[in-house]
Amino acid sequence: MNDEMAIETHELTRRYGDTLAVSHLNLRVPRRQVTAFLGRNGAGKSTTIKMLLGITSITSGGGSVLGRAIQDPAQNCQLRRDVAYVAEDKRLYSYMTVEQIIRFTRSLYQDWQPAAEARLLKQFRLPPRQKIKSLSKGMRTKLALLLAFSRRPELLILDEPSEGLDPVSIEELLQEIVGAVANGVTVFFSSHQIAEVERIADRVCILDQGALLVDACLDDIRREYRRITLSFYAPPPKVNPSLPGIKQVRISGRQMTLLATENANAVAELALDLHPASIEVTPVGLREVFLETVREN
Amino acid sequence: MLWYKAWLETRSRFAASLVTLTLVCGLFVHHALTMIRPTWTVDFNRLLYITQEFLALLWILSAVLLGMGGIVYEKAVGTSGLTLSLPVSRVRLQSVRITVGVLEAAAFGLIPWLTILAVSWRARMPLVLAQVAFYAALLVGGGLVYYAMAVLVSTVVEGAYSSTAIAIGLVFVTTVALDSWFRQLNLWRFVTGNFYLDVHTFLLTGHFPWLGMLVCLGVAALMFVASLLVILRRDF
């Protein structure tokens with residue numbers, strides 16, 4: 001068990017019949033950082049989060065959250081005291097009012113911050129006496145975020161937190177996340193909004209078909225990942241795609257595109273041996289890395 | 001505060017059921033007031049028994065309605081993730097839900113009978129306290145089996161409507177089947193006091209059936225434990 005890791009899984013697997021929802025996942029989320037969890041719909045992100053919190057059972061493997069074993073029901077119950085979680089669908093108890101659900105949630109956690117609750121209630125313009133069933137989806141999302149951000153947990157797990165929010169609220173959410181990390185909170189969040197991830201994440205994990213394909217620092221991706229485009233007078237020659245530093249090779253007409261994950265300059269020099277008419281090395285954004293990774297898989 | 005959640009979740013069903021049960025009390029009072037007072041007649045005792053039958057029928061429906069909900073239903077409406085991420089065990093969640101339900105079900109049995117008692121006394125109608133206590137105890141103690149059955153069904157079947165329909169169907173089928181083949185085990189006759197009724201005086205006679213009551217409470221407890229085991233093993 002590593003104290004520097006807020007979340008650590010070992011060969012974590014979840015199977016639904018013949019479908020492998022999460023496959024031998026070895027995930028490591030460092031403390032006091034923002035780690036983004038990216039993947040297509042059905043990639044296994046929510047299932048992973050549910051296994052971490054003991055909501056869904058584990059087929060095999062295991063892991064720890066904040067140093068406590070997730071597969072042990074008693075330890076899992078304890079770890080949930082220090083974790084704030086916003087679920088994917090943001091459904092809340094429809095029979096409660098806003099102030100009732102706040103009162104109920106407040107009573108279960110010792111790390112509740114009344115000042116943060118008052119500030120967020122005002123900021124999100126939530127009507128305290130209104131029934132949750134009459135709130136819009138956006139307002140429900142804000143209320144779910146209020147219940148998480150009114151605490152001072154060790155770990156914040158947010159499953160697509162910005163879904164259904166307007167641009168102003170998304171901006172406020174991102175500021176809250178940054179503020180939480182500044183206060184020593186670890187944030188682990190799944191999202192489909194790559195622009196948001198690029199703004200606030202320190203680390204990125206890309207999951208596809210239940211398997212972890214990328215686990216890297218965002219700075220490393222920005223520094224190391226490069227697209228190398230080679231143009232030829234004739235159809236390009238074949239290249240071994242398993243060469244070190246090359247993640248992907250794509251050929252289209254007389255053009256060959258290489259995605260380099262490290263030592264892009266060395267890869268480009270090697271590419272010169274293919275005698276291209278021209279060679280161009282360009283930085284790669286997270287969106288491209290994500291798309292290339294999941295397409296390739 | 002889990003009590004608070006369980007109460008908020010069930011209070012509208014509880015209030016609606018209690019109003020309905022109280023209306024049945026009103027019918028009793030209305031009929032009783034038409035009788036000659038203060039003569040204590042067989043007709044009056046018969047009215048008391050019929051009231052118990054009506055109360056039992058509505059009590060069972062109310063208990064089945066109370067048994068709706070819980071974490072499995074929450075899965076269907078999408079709030080189970082929120083509930084299960086709370087720092088409480090599944091056993092505690094289910095236990096609190098059951099306890100609140102049992103208290104509410106007890107109120108369904110006691111409040112109507114206390115109302116009848118109070119109104120009868122006020123109207124100077126002669127009501128035997130021991131008979132009322134007998135009826136109320138049979139209704140609540142025996143009826144808990146129906147509530148426990150509804151809770152167990154709600155932990156197996158997700159939808160609120162389907163679990164209610166299945167629970168009501170089970171009540172009906174078990175009553176008819178037991179009455180045909182194992183009449184002595186028919187819970188309906190136990191709950192209404194039919195087993196202990198003197199058909200000449202329409203009074204409940206004999207000692208209170210402690211053994212039958214213990215068996216009912218034991219069966220209810222077993223079903224509650226079974227529901228806990230289902231919740232512990234279930235995936236959400």
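**The sheet and its surroundings**

Reply: Helix 1 (residues 45-52) of chain A lies across strand 4, strand 8 (155-159), strand 9 (186-190) and strand 10 of chain A, and it runs at about 145 degrees to strand 8 of chain A. The model is predicted. Helix 5 (residues 137-149) of chain A also packs on the sheet, where it touches strand 7 and strand 8 of chain A. The direction of helix 5 of chain A makes about 175 degrees with that of strand 7 of chain A.

The sheet itself is open and has six strands of chain A, in the order 7-8-9-4-10-11, with mixed pairing. Strand 7 (83-86) and strand 11 of chain A stand at the edges; each has a single partner strand, so one side of each is left without a neighbour in the sheet. From one strand to the next, the twist averages 15 degrees.

Within this order, strand 4 (residues 34-39) of chain A and strand 10 of chain A run parallel and are joined by five bridges. At this pairing Gly39(A) stands opposite Leu207(A), a residue in strand 10 of chain A.

The domain assignment of chain A gives domain 1 (5-220) and domain 2 (225-296). Taken over C-alpha atoms, the centres of the two domains of chain A are separated by 36 Å. Their contact involves ten residues of domain 1 of chain A and six residues of domain 2 of chain A. On the domain 1 side, helix 7 (194-200), strand 10 (203-208) and strand 11 (211-217) of chain A each supply at least two residues. That side of domain 1 of chain A divides into seven nonpolar, no polar and three charged residues.

The contact with the other chain draws on further elements. Here 21 residues of chain A are in contact with 18 residues of chain B. Helix 2 (73-79) and helix 3 (98-108) of chain A are the elements that give two or more residues to the chain A side. Helix 3 of chain A gives the most, with four residues. The chain A side of this contact divides into twelve nonpolar, four polar and five charged residues.

Strand 1 (residues 5-16) and strand 2 (residues 19-25) of chain A run antiparallel and are joined by four bridges. Arg15(A) stands opposite Leu20(A), which is in strand 2 of chain A. The hairpin of these strands of chain A has two residues between the strands, and in it Gly17(A) takes a positive phi near 60 degrees.

Key:
Residues numbered from 1 in each chain as written. Chains lettered and ligands numbered in written order. Predicted model: local features only at pLDDT ≥ 70, side-chain atom pairs only at ≥ 80, totals over all residues. Domains from an automatic or database assignment. Contact = placed C-beta atoms within 7 Å. Nonpolar A, V, L, I, M, F, W, Y, C, P; charged D, E, K, R; others polar. Pairing = 2+ DSSP bridges. Axes fitted to C-alpha atoms, helices over the stretch in contact; angles between N-to-C directions.
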